[in-house]
Each structure stands twice: as structure tokens, then as C-alpha cells.
Amino acid sequence: MASGAPRVFVSHLAGIAVFDPNGDQVGRVRDLVAMLRVGSRPPRLLGMVVEVVSRRRIFLPMTRVTGVESGQVITTGVVNMRRFEQRPTERLVLGELLDRRVRLVETGEEVTVLDVSIVQLPARRDWEIDKVFVRKGKGGALRRRGETLTVEWSGVTGFSLEEHGQGAESLLATFEQLRPADLANALHHLTPKRRAEVAAALDDDRLADVLEELPDDDQVEILGKLKEERAADVLEAMDPDDAADLLSELPEEDKERLLMLMRPDDAADVRRLLAYEERTAGGLMTTEPIVLRPDATIADALARVRQQDLSPALAAQVYVCRPPDETPTGKYLGTVHFQRMLREPPGTLVGSVVESDLPPLSPGTPLPAVTSYLAAYNMVSAPVVDESGSLLGAVTVDDVLDHLLPDDWRETEFHDPPQTPGTVPGGEAVRGY
């Protein structure tokens, strides 16, 4: 970034792509690392936290950044692939500075930090934070409330103090386009204090989606810091099988207390799942597959699978059953897959095209047998039926994978193509500043 070029506000950098000089993408910016300095001197920007393809977070020194423009970061191509570890003297700009309550030096008025800007120093490769964009008035969800203004870094005080009530609205705004799995990954790398603040600021449905993607320890930690009534609301918003998995990690008295706070229908589904062994079809299944009566039409079925909140695995087929339609249903008749629906006229009854040749799973079917069933028949979902012939739920391939992979798989990097150890194409570098 040449001298005299416009400053860059850090919220605009969150999630943008990082490229090497050949135009190959290295990863995406997830945060920036700064070092606070004594007095009112602006913090020095040390580098960026970049998430590479393997989901590992690495440190990219600002001395390796040759351009920040047009919605992308250009590097020299020399990147150290060692995992980023925050040092005691460092601050994460997005994770720790945004939403902080600070004071204006001139008036003493308390303000909320919405953003900060960075500039490159003239004739040098050093960068620093120069200005702070703040909002007057108390923090809260109404982001437009109060006057906003941009002040010099020296015009505010309070960044060096530990804060116990830091908000999360501005940080969440930088993550709002992330998929739940990616937001969960970002949440996992925050400090416990910041993680709790962000979780508190998410709405119930979004937090439920994110919790389903987090490691067990993070799930339990976050749930334990929510008020019990809200924790019950979030559990209701989760898929029943994921809620059951989370509750199974809690002490018995805590689990029962939360179940009592949940809506009776939701709690009943979760209790039913908790009654089965974890690594069986009954323990793996969801109790909310798409169930239709045999007199429903193909048009009805297609309307159901189009629902946006359905996972691809659940939307791949409907289960045809006698009433009642809620699990446990009446007699299970068979399955109609999405591809078959596309080949039939909209007015065709699903009962006339149902596939009943594959035997369903019993709730006690062990995990290896469930895996073999899905693999043998090229299925992404399988029905679970009890001895009376009632559909209890469906096991999806994503639930099976969750239990086949190591317990810490969410924290394990995806495998990259073979490269020179510790580098991406272009050489190697040692973190230093």
C-alpha cells in the first residue's frame, strides 16, 4: 500500500482472500494482530491471521504483504505454515478491539469501538492502527443508535484495560456471511471470555447451528455460560440428535433441569434419543425426517424437500408412512428418493412409486452395520423402524461421519497436497517482527 493511499478499515479485511504473486490463493484473512505501545502511540500492526485451505490458522507478517487493495491481499509468496499462537503482548484486532467500550480523551465520554483503520508508514514496510471509528451512547443491538465519529488513536483511552462487558455486534458483522462450520471455527479460536460474548449476541437459531459444529468441550463451555432458560431455547433450536449428544455430556442433574425447561414435544424427542446407546442407529438418528402419507402427491413431496432449513441428506428422500405423521409414525411403507420425484408427474401419488425393497434399520443396529448399510446401497440416509413397523427416525451420512472420525476431528486440519514442509509455494519464512 503506497504512501498517501486511502486508509483501510479492518472490518473490510475480514474474510478476504490472500494470494501469492502467481495468483494462487493462500487462504483468507480471519483477524489482524497488533501490539499495543506505551502511552498514546498507535499500535503497531504485526501481521494477519490467515486461514489456509486445511483450516489451519497461520501468521502472515505485514512485512510479507505487498498489497491490500481491490478486496484482496497480495503476499510475497513466502508464508510460514506453522500454526498461529497468540503471544501475551499481542491483541487480535477483530476479536479483541472491536466492540470495546473506551473513552474519548477530550470529553471523557464513553463510546463503543465499531472499527479501526490501518495505514502503511511512508517509505517503510511497517503498518500501524491510526484511527478509531466509534459510536456515542450505550452499546446494544441497535447499531444506528447514537452519533458516530472517527478519531485519532490518541483521542481515545481504555484499550489496554481488561473489559468485562465487551459487546460483539461489530465482530459478528464481520462474520455474518460465514457458514455455521466456519463461524464455529472462528469462535473456537477466540478467548473463552470473547467466545461467551459472541455466543450471547447470536440469536438462538444461529447459535444452535454453530454449536452443532463445535467440539464437545466448546459446546459444554458455551451452554454452561448461558442462562438456563436461554440454554433450553437453544437446545430446542438444535437438531434433536445434536441436542441429545450435547446433553449426554452434562451431569445428570443439569441435563434433567434443562430437559424440564424445554418444550414438552422437543424434550420428548431428545429423551427418546437419550434412551438409545450412542453408537447405534437409535442414538445416531434424527427424529425429524420428511414423512408423508401415501395419498400425498409428488408436488407435495417436492415442496417439502425444498425447505431451506433441511440438510441435503434429509432432503434427498421422503419416508412414506401411515398416520400419524410424527415419529414414531404409523406403519412404515417405504421411501421415495428425490431423483424419482423428478421423473414423475406432479399429481402422482407417492404411495404408487414408493420403494420398499430395502430393509430398514432397527434402532439397536450398531454403528459399523449402519456404515456398511449406507455404503452398500449408496444411501445418504436410512430409515430406522421399530419392531411394530413404526418409523422412529432416519440416520444420515453426516451423523455417521461425526462418529467415525476422531473425537477431535473438528480441530484437525484438512490434508493439503504435498508441499515443502512448513511452506506454501514460494519458499519459507520465520515469524518475526
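Me: In this predicted model, does Glu-51 count as buried or exposed?
Reply: The structure is a predicted model, and the label rests on relative accessible area. Buried means under 20%. Glu-51 has a relative accessibility of 8%, so Glu-51 counts as buried.

Me: Which residue forms a salt bridge with Glu-51, and what is its relative accessibility?
Reply: The closest N and O atoms of Glu-51 and its partner Arg-57 are 3.4 Å apart. A salt bridge needs a side-chain nitrogen of Lys or Arg within 4 Å of a carboxyl oxygen of Asp or Glu. Arg-57 counts as buried, with a relative accessibility of 7%.

Me: How many salt bridges are there by this rule?
Reply: The rule asks for a side-chain nitrogen of Lys or Arg within 4 Å of a carboxyl oxygen of Asp or Glu. Applied to this model, the rule gives a count of 23 salt bridges.

Me: Arg-44 forms a salt bridge with Asp-126; how many residues apart in sequence are the parts that the pair ties together?
Reply: The closest N and O atoms of Arg-44 and Asp-126 are 3.6 Å apart. Arg-44 is partly exposed at 23%, whereas Asp-126 is buried at 16%. Arg-44 belongs to strand β4 and Asp-126 to the loop between β10 and β11, so the pair ties together parts whose separation in sequence is 82 residues.

Me: Arg-340 and Glu-344 meet in a salt bridge; what is the N to O distance?
Reply: Arg-340 is partly exposed at 24% relative accessibility. Glu-344 is also partly exposed, at 22%. The N to O distance between their side chains is 2.8 Å.

Me: What is the phi of Asp-99?
Reply: Asp-99 sits in the loop between α1 and β9 and is buried, with a relative accessible area of 2%. Most residues other than glycine have a negative phi. Asp-99 has a positive value, near 75°.

Me: Asn-378 also has a positive phi; is Asn-378 buried or exposed?
Reply: Asn-378 has a phi of about 55° although it is not a glycine. Asn-378 is found in the loop between α15 and β17. The cut-off for exposed is over 50%. With a relative accessible area of 71%, Asn-378 is exposed.

Me: In which loop does Pro-324 lie?
Reply: A cis peptide bond, with omega about 5°, joins Pro-323 and Pro-324. The bond from Thr-327 to Pro-328 is cis too, with omega near -5°. Pro-328 is in the loop between β15 and β16. Pro-324 lies in the loop between β15 and β16.

Me: At roughly what angle do the axes of α4 and α6 cross?
Reply: Two packed helices are described by the angle and the distance between their axes. The crossing of α4 and α6 is right-handed. The contact is made by residues including Ala-196 of α4 and Ile-222 of α6. The axes come within 10 Å, and the crossing angle is roughly 65°.

Me: What is the area of the nonpolar surface patch that includes Leu-405?
Reply: Leu-405 lies in the segment after α16 and is partly exposed at 36%. Leu-401, Leu-404 and Leu-405 make the patch, with an area of about 250 Å².

Note on methods: Residues numbered from 1 in each chain as written. Predicted model: local features only at pLDDT ≥ 70, side-chain atom pairs only at ≥ 80, totals over all residues. Heavy atoms only, no water. Helix = DSSP H or I, 4+ residues; strand = E, 2+ residues; numbered from the N terminus. Buried < 20%, exposed > 50% of the residue type's maximum accessible area, 1.4 Å probe, protein only. Patch = residues over 30% accessible without salt bridge, like charges linked within 9 Å, V, L, I, M, F, W, Y side chains within 5 Å. Areas by Shrake-Rupley, 256 points an atom, 1.4 Å probe, with all protein chains shown as cover. Axes fitted to C-alpha atoms, helices over the stretch in contact; angles between N-to-C directions. Left-handed = near helix turned anticlockwise from the far one by under 90°. Contact = heavy atoms within 4.5 Å.
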